[in-house]
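Subject: Structure for your review

Dear colleague,

Please find the structure below, followed by a summary of what was found in it. I would be grateful if you would read the summary with the model open beside you.

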Amino acid sequence: MPPVTNLETHSHDVVVIGAGGAGLRAAIEAKAAGLSVGLVCKSLLGKAHTVMAEGGVAAALGNVADADSWQVHFRDTMAGGKYLNNARMAQLHAMEAPARVNELERWGAVFDRTPDGRILQRPFGGHSHARLAHVGDRTGLEMIRTLQDRAVAAGIDVYMEATITRLITGRAGATAAFGYWRATGSPILFRAKAIVLATGGIGKAYEVTSNSWEYSGDGHALAYEAGAELIDMEFVQFHPTGMVWPPGVRGLLVTEAVRGEGGILRNKDGERFMWKYLPDERRGEYAATDEEATRWVTALSEGRRTDARRPPELSTRDNVARAIYTEVKEGRGTPHGGVYLDISYLPPEHVRRKLPSMYEQFKELADVDITKGPMEVGPTTHYVMGGIRVEPDSGATTVPGLFAAGECAGGMHGANRLGGNSLSDLLVFGARAGAGATSHAINQPSGEAGFPHVDPVNVREATRELAAPLERVSGDDPYAIQRDLQATMQSLVGIFRVQADLDEALTQLAALRERGQRVQVAGGRSFNPGWDLAFELRNLITVSEAIARSARQRTESRGAHSRLDHPETDDARWGGLNSVVARAEDGTMAVSTSSLPTVPDELRALLGTAH
Amino acid sequence: MDTAHLRVFRGEPNEPGRYEEFDVPVEEGMVVLDALHWVQGHAAPDLAVRWNCKAAKCGSCSAEVDGRPRLTCKTRLSDFDLDQPITVEPMRAFPLIRDLVTDVSWNYAVNATIEPFKPPDDVPQSEWRWQQEDIERVQEYRKCIECFLCQDVCHVLRNHETERPFMGPRFLVRAAGLEMHPLDQADRREYLKDAGGIGYCNITKCCTEVCPEHIKITDNAIIPLKERVADEFYDPIQIVWRTLRGRRPGSAAGAELPVLPTGPGGTSDGGSS
């Protein structure tokens, strides 16, 4: 029953917002339990950001390295995250990822094969063993298509090109999601017994990003507005290798698989600079000489095992990004402000087979043949480790009836995510959030009586808010505000941070929020991208403030968060502390900390003596 | 700095539609989608364009550039004579939503009628083994990014030439990927012949020409499927055998495809193949 007359209203036991890997996997889980499931997405089905994931999905299948196990994957993940990860999440992730990958194969995914016919795995930064199941360099496409086909065959109701602008809350917690059809601009309401947020990341807060327009922090901001907590928002991953030239493709991702297959990073003087940047405590895991690194690459390309250790380019992403940034800053960059990444020393047909979409991307967009010469690359905003605080086992947020999974959820990756762990994250925790939402929904009375009361006052308020940018006769242009926001975040809250910059960023963000509240949009309701941007801006400004406040609070450097004024990792002060952002009573953003849960002894034992 | 002259279709259903012209400053390496974004950010904030990845991986930004179906994120301005206007129009095969955005939901409805992957019941997954060379063809089909340019260019769909629906190249590619999966147990031949209308394809290969993923749609997907269907239904020995053993309907036999609504009326007749 519509809480407001004449409002298009749909009711489902579980409504999932976002149709990337996490949302699709959550929807499949709830549908398999026999529930009615609605899946709402801003774009067409199958276009979500998962489609851009390239290198592979991390799972300790042990098909290439017998020595691999969930315990090693767990340890790598915690070390990569600088021990700020939620250990229970890292454990569930490492234990369940192999089953989730095998499940995809049962659903029709066709991964590359080992010589004995099993799923092939490739090496990646920070992973002790070859662990990434993959399909060339288009793994994300394979995953999203497999999940999409499964979801469609299961009969999930999909609402494509529908944007959610508000979560409606009440005494029961989250009660409904309000939004509009992008094609017509008509408002639409989704009532649900449980809602899963799977909206991805925040990259569009920055100028240089590998993310599409969709990545505007919607789930983060919707949850925050609904009263949920965000954790660890200062940890934004700058992927070391984005394209830097030509200008139109600046930021576009160059997969880590290039380095996984043997790509070498050099500065303009030809120096293989990563040797200088290996952290001392991990140096023993990497090759000691060019010769040893070359032996490792040769063995890999011939499918042979080797005792050679991996090349220095396979250090963790935070470290490689800082190294590249530093090389460029100190005047050793390429003419277009990047460094060189070279895979052209391998046979051309091998490069084309292992990295087909990179070959295409550089040939078509930059006139560079990567089998003949080096690429130019530099850091690009790629992923947010921080996100909505969730219960590890169920994906439950701190708001009853509201669940979250995938990039918009926090905790799994700590201070830095390892490559390949996002695709496994969204499978493992997508399924878990789907199951969590399912048990919440089936614990409500069946049928109509089980739907929580939706407050019509809130719905009318959301309806007014929807129309406001179109009805204003004057105000700021949303594109101009977004350009200014991106400039602020890029220059003041980037790879290296300092207190004065963060203070200035917060001042600028307050002004941007003011302008955002007066945004005026030209044109009508039908498929109007300026109107879409008006709502996304509000979300982007909220997540930007959360990033800046968390970054200002954490007076140390850890993982992806580097403070020039606090360059050391300060375990005594900050070890084991999550940053927490929540809305205060007066509507302002409050930032605080909370202690990580105690790590059980059997997991602690896996981490070694230091932790 | 060079300038590109864009001539962009604007309009909604039930109105004639018009072309608006924009002068866009050109940077090195710029693609048509960059130019459209420049127009949104500086001249026409409500210009409707569908896009996501801007890296030719998601297949959202399909349009017709100077009459040719293309991904606008992969179409370089440097490939055009900048003294001439560059005309950008929506895909013609599908109903218009607004400006460059069309309603492609028919494709999703067709997709839903295809029997999904069906693994064998009697082989546990732990025993599944296949060689890389056994799946290279299937992986070629699975490179498809669903840009629907092949559907747009297919004259059977574009010109509404047939009385019964035709699933189009995209979904023949999907079906081929399923049929040729080393372990798939379903039989989609009757579905392809009847509901899918595979016989309507007369192999003009326009789909292959526009595929941004360079899938050899006609040669590698459609023709092998046509041969499988012909072997099953038109081979005299098979006909006798089928009569003897009795009729066994295949997967999703009897499914009905939805009818493709007509495309945007306001676009020019200037056209692709």
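In chain A, the residues A:Gln499, A:Leu502, A:Asp503, A:Leu506, A:Leu509, A:Leu512 and A:Arg513 of α15(A) meet A:Ile541, A:Thr542, A:Ser544, A:Glu545, A:Ala548, A:Arg549, A:Ala551 and A:Arg552 of α16(A); contact means heavy atoms within 4.5 Å. Helices (H or I, at least four residues) and strands (E, at least two) are DSSP runs, numbered from the N terminus. By class, this contact has seven nonpolar, three polar and five charged residues. Here Ala, Val, Leu, Ile, Met, Phe, Trp, Tyr, Cys and Pro count as nonpolar, Asp, Glu, Lys and Arg as charged, and the others, Gly among them, as polar.

The model is predicted, so local features need pLDDT of at least 70 and side-chain atom pairs count only at pLDDT 80 or more, while totals for chains, interfaces and linings use all residues. Residues are numbered from 1 along each chain as its sequence is written, chains are lettered from A and ligands numbered from 1 in the order in which they are written, and side-chain values use heavy atoms, with hydrogens and water left out.

Helix α15 (residues 499–517) and helix α16 (residues 529–553) of chain A pack at an angle of about 160 degrees, with their axes 10 Å apart. Axes are lines fitted to C-alpha atoms, for helices over the stretch in contact, and angles run from 0 to 180 degrees between N-to-C directions. The two helices are therefore roughly antiparallel to each other; angles under 35 degrees count as roughly parallel, over 145 as roughly antiparallel, 65 to 115 as roughly perpendicular and the rest as oblique.

On a 1 Å grid over the protein atoms alone, a cavity is a set of points where a 1.4 Å probe fits but cannot get out, and a pocket is an open set with protein on both sides within 12 Å along at least five of seven lines; lining residues have an atom within 4 Å of a point. Grid points are joined across faces, edges and corners, and a volume is the space filled by probe spheres set on the points. The largest cavity is lined by 50 residues, of which A:His49, A:Thr50, A:Gly200, A:Tyr215 and A:Glu407 lie nearest its centre.

The second largest pocket has a volume of about 1,200 Å³. Of its 42 lining residues, A:Lys204, A:Gln486, B:His37, B:Trp51 and B:Lys54 lie nearest its centre. The largest share of this lining, six residues, comes from α1(B).

Two details of the backbone remain. Most residues other than glycine have a negative phi, and most peptide bonds are trans. The bond from A:Trp245 to A:Pro246 is cis, with omega near -5 degrees, and A:Pro246 lies in the loop between β11 (236–243) and α6 (257–260) of chain A. B:Asp99 has a positive phi, near 50 degrees.

Yours sincerely
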